[in-house]
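Subject: Structure for your review

Dear colleague,

Please find below the sequence and structure that I am handing over to you. A short account of what was found follows, and I would be grateful if you read the two side by side.

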Amino acid sequence: MAWRALGRKGVPASVSKAWTVSSKYSVASCGVQDSAKALSAAVRHLHGFCPAAALPTADKYLTFSGDRLLIRCFHATPELQISFTGDKSAGMKSKNTKGKFSKRKKEPKLAVETPYVPPRLKRAAKSLPDKTIEIFEGMSILELAKRCGESTTTIQNIIINVGEKADSEFDALSTDIAELVAMEVGVNVRRLHSDKGVRMVPRPPVVTVMGHVDHGKTSLLDALRQTSLAAKEAGGITQHLGAFVVGMQSGASITFLDTPGHAAFSAMRARGAAVTDVVVLVVAADDGVMPQTLEAMSHAKSANVPIVVAINKCDKTDANPERVKVQLASEGLLLEEMGGDVQVVEVSAVSKSGLDTLEDALLLQAEMMDLKARIDGPAQAYVVEARVDKGRGTLTTAIVKAGTLVCGQHVVVGSEWGRIRCIRDMAGEMIAQATPAMPVEIEGLKGLPMAGDDIVVVESEERARMLSEGRRKKKDKDRLVKLDEERQKLEEEMKVPEDEENEDEDDKARRDEKSKRVEVPIIVKADVQGTVQAVSDALKTLNSAQVVVKIIYAGVGPVTQSDVDMAQACDACVVGFNVRDPLGAVSQSASQAKIEIKLHRIIYHLLEDIGNMIVEKAPGTLETKVAGEAHVLSIFELKGRSKAKGDDVKIAGCRVIDGRFTKSATLRILRSGEVVFEGCCASLKREQQDVEAVGKGNECGLVIQDCSNFQVGDVIQCLEKVNRKPKFVSSESGAVRIEC
Ligand code: GDP
């Protein structure tokens with residue numbers, strides 16, 4: 001990575017530069033403290049091959065043994081290690097070096113934990129964001145090399161630099177090492193988790209509620225939450241944690257994901273998180289199947305997740321559950337009462353009727369699926385939601401899919417890492433470990449993960465740092481590659497073709513439109529990470545040929561002063577979704593800086609608001625519009641005019657039959673429906689008076705520049721250029737777009 005970027009020549013150069021910089025702290029002549037500073041400075045100068053994460057800790061690894069200074073060099077190649085562990089200071093000039101060339105020891109000691117610096121690959125370091133390989137515990141080096149499309153030697157070299165042994169190409173690798181290698185090669189990975197375990201136990205189903213807007217998903221979840229175990233034990237769940245457990249008298253339980261809607265489901269799936277076992281499809285009995293009902297059905301189908309239908313609002317007088325069933329059946333859902341296997345339950349979230357039946361149906365579905373999970377071994381878990389608490393740091397709601405998550409373990413979550421400081425159950429009680437299908441809140445991550453990120457337990461802090469650093473770098477690299485591709489694509493589109501004259505009018509107009517494309521910079525703040533992602537994605541659906549939404553920053557929490565500062569620097573507007581009002585001082589400074597803060601709690605309202613702002617900012621497209629139409633009733637000719645006044649002039653005496661005529665417009669003559677002339681209006685008069693405009697029903701005399709070809713009966717059209725702005729359009733299903 002950085003080592004490769006530096007190149008072979010670059011390394012000695014950097015080392016000596018680092019040494020020169022540090023020479024003012026001469027190791028030999030100064031005290032121990034100065035020596036530390038010198039080496040610290042040297043280490044910092046080696047930035048080129050010390051990843052950023054290792055740098056702040058570099059000083060920590062400068063330890064003293066009597067007068068001797070020991071440095072543990074992170075992320076340096078073994079060769080570099082060798083040069084640093086020798087007392088003769090890598091053969092470089094120092095006050096201790098007598099000769100010009102100092103001899104290196106042949107068998108230097110390596111640091112105990114070999115640092116990770118990937119080797120120089122023969123081909124260019126190019127990220128392959130589109131290539132994904134599957135990796136699994138115990139895969140051989142040969143297998144990994146084949147999947148990555150690299151030679152085994154290259155893979156072995158990387159493994160050695162990671163600090164692992166790679167004696168034979170048949171050596172088995174851990175999933176972490178396989179991932180590190182794959183990331184270095186530039187491919188994405190999908191971890192295959194083993195279902196096999198020593199102790200398999202039945203586990204509760206994890207359920208997601210989906211359906212059309214306003215059909216009662218949130219109300220149903222609220223009603224179910226009130227029957228929840230935690231609610232009973234803790235006197236009600238006061239805060240939204242992303243998931244809750246409903247316990248039955250039989251001892252069985254169901255885990256509900258508390259974020260209704262399709263965006264959260266899709267976001268989880270997009271990260272490969274197959275958390276949901278069953279989808280509850282909510283359909284309002286008074287409204288029937290609607291576009292988002294069908295969308296939910298297709299989401300569940302593509303994820304291969306069974307559906308249990310909850311026909312809601314059955315308390316309403318106009319409720320018609322039978323009609324809903326027929327509609328669902330006609331959409332291909334094989335309902336149980338029609339001979340299929342999809343259970344249908346009639347419920348009411350308001351009167352709380354049918355909730356028990358729904359829970360029983362879900363348990364029956366789970367029983368049919370024979371849901372089991374390995375309870376021992378390392379945990380496989382997914383993030384449901386994450387937020388930052390001022391006192392407790394990052395709080396991550398997770399659902400364990402297999403194994404046991406134990407307090408104190410080191411984990412890597414997406415590109416974040418941490419040591420689990422504390423695990424709490426949904427009642428807020430501290431627990432030592434979490435078992436399958438149990439939603440828990442964990443503390444201790446260094447940064448905020450995303451909904452759907454997998455939680456991987458690793459053996460040490462060092463491995464956790466390494467993996468998260470690798471993932472972050474891979475993410476950055478992919479992002480840069482993508483940006484570069486987008487830039488190249490844009491340049492390509494904007495390029496003026498060599499035969500510009502022969503260019504199609506439409507192509508020219510499209511090119512012009514793109515060159516005028518306006519960017520709308522937006523800062524997004526929301527209550528939890530999952531929402532941040534969903535809001536950012538939803539805002540991007542407003543991109544159009546004329547305006548592009550550019551998310552400058554997206555984060556969790558209320559709108560702060562630094563958001564306002566950032567907005568001011570980028571001329572952005574700040575969007576707050578489901579967050580509390582900003583502090584008075586923040587609002588004041590925003591209004592002083594003329595920064596708009598748009599706070600919303602309903603996604604549609606937010607999109608409508610931003611959509612209208614986009615429409616306003618859009619440059620629009622110039623279009624020709626027929627503003628008026630007139631009939632030629634008679635022709636007058638002005639003859640014998642003086643030279644100074646110009647040639648003879650033909651005047652068309654007309655009556656405006658539609659719209660209005662303006663002097664600044666272009667006029668078009670139509671004869672038998674065919675255009676015979678088009679030109680500028682040279683004169684427009686009403687009863688000998690020059691006028692600027694003539695309205696419908698009035699007579700006028702008009703002269704068209706360079707035209708003497710009028711005939712009685714001709715139709716004259718008044719053409720005006722208008723700037724047509726795009727339109728904010730919303731469909732019945734709640735989907736929105738900007739139509740240009
Ligand atoms: P969501 O958009 O699907 O989450 O729908 P909500 O839960 O926000 O409900 C939309 C509206 O339907 C709210 O006004 C609810 O009070 C109402 N509603 C939800 N469930 C029921 C029900 O079972 N009966 C009746 N009568 N109204 C309901």
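Setting aside residues up to four places away in sequence, alanine 437 touches Arg203, Pro204, Val206, Thr255, Ile399 and Val400. Please keep in mind throughout that this is a predicted model. Alanine 437 is found in the loop that runs between β21 (433-434) and β22 (439-445). One of its contacts, valine 400, is 37 residues apart from alanine 437 in sequence, yet the two C-alpha atoms are 5.4 Å apart in space. Is alanine 437 buried or exposed? Its relative accessibility is 3%, and because buried means under 20%, alanine 437 counts as buried.

A second residue to look at is serine 589, which belongs to helix α18 (residues 584-592). Serine 589 has a relative accessibility of 16%, so this residue also falls under the 20% limit and counts as buried. Beyond its neighbours within four places in sequence, serine 589 is in contact with Gln561 and Val564. With glutamine 561, the link is a polar contact of 3.0 Å between the two side chains.

I turn next to the ligand. Around the ligand there are 15 residues, and those that come nearest are Asp214, Thr218, Ser219, Asp315 and Ala349. By type, the shell divides into five charged, seven polar and three nonpolar residues. Which helix gives the most to this shell? It is helix α8 (residues 217-226), with three residues.

In the side chain of aspartate 315, an N or O atom is 2.8 Å from a nitrogen atom of the ligand. The backbone takes part as well: an N or O atom of the histidine 215 backbone lies 3.3 Å from a ligand oxygen atom, and a backbone N or O atom of valine 350 lies 3.3 Å from an oxygen atom of the ligand. On its own the ligand has 570 Å² of accessible area, of which the protein covers 71%.

Finally, please look at strand β28 (residues 621-638). Strand β28 pairs with strand β35 (residues 715-724) in the antiparallel sense over ten bridges, and glutamate 629 has glutamine 717 in β35 as its bridge partner. Strand β28 also pairs in the antiparallel sense with strand β29 (residues 649-662), over ten bridges. There, leucine 638 has valine 649 of β29 as its bridge partner.

Yours sincerely

Terms used: Residues numbered from 1 in each chain as written. Predicted model: local features only at pLDDT ≥ 70, side-chain atom pairs only at ≥ 80, totals over all residues. Heavy atoms only, no water. Near = heavy atom within 4 Å. Polar contact = N/O pair within 3.5 Å; in protein donor to acceptor, adjacent residues only side chain to side chain. Areas by Shrake-Rupley, 256 points an atom, 1.4 Å probe, with all protein chains shown as cover. Helix = DSSP H or I, 4+ residues; strand = E, 2+ residues; numbered from the N terminus. Nonpolar A, V, L, I, M, F, W, Y, C, P; charged D, E, K, R; others polar. Pairing = 2+ DSSP bridges. Buried < 20%, exposed > 50% of the residue type's maximum accessible area, 1.4 Å probe, protein only. Contact = heavy atoms within 4.5 Å.
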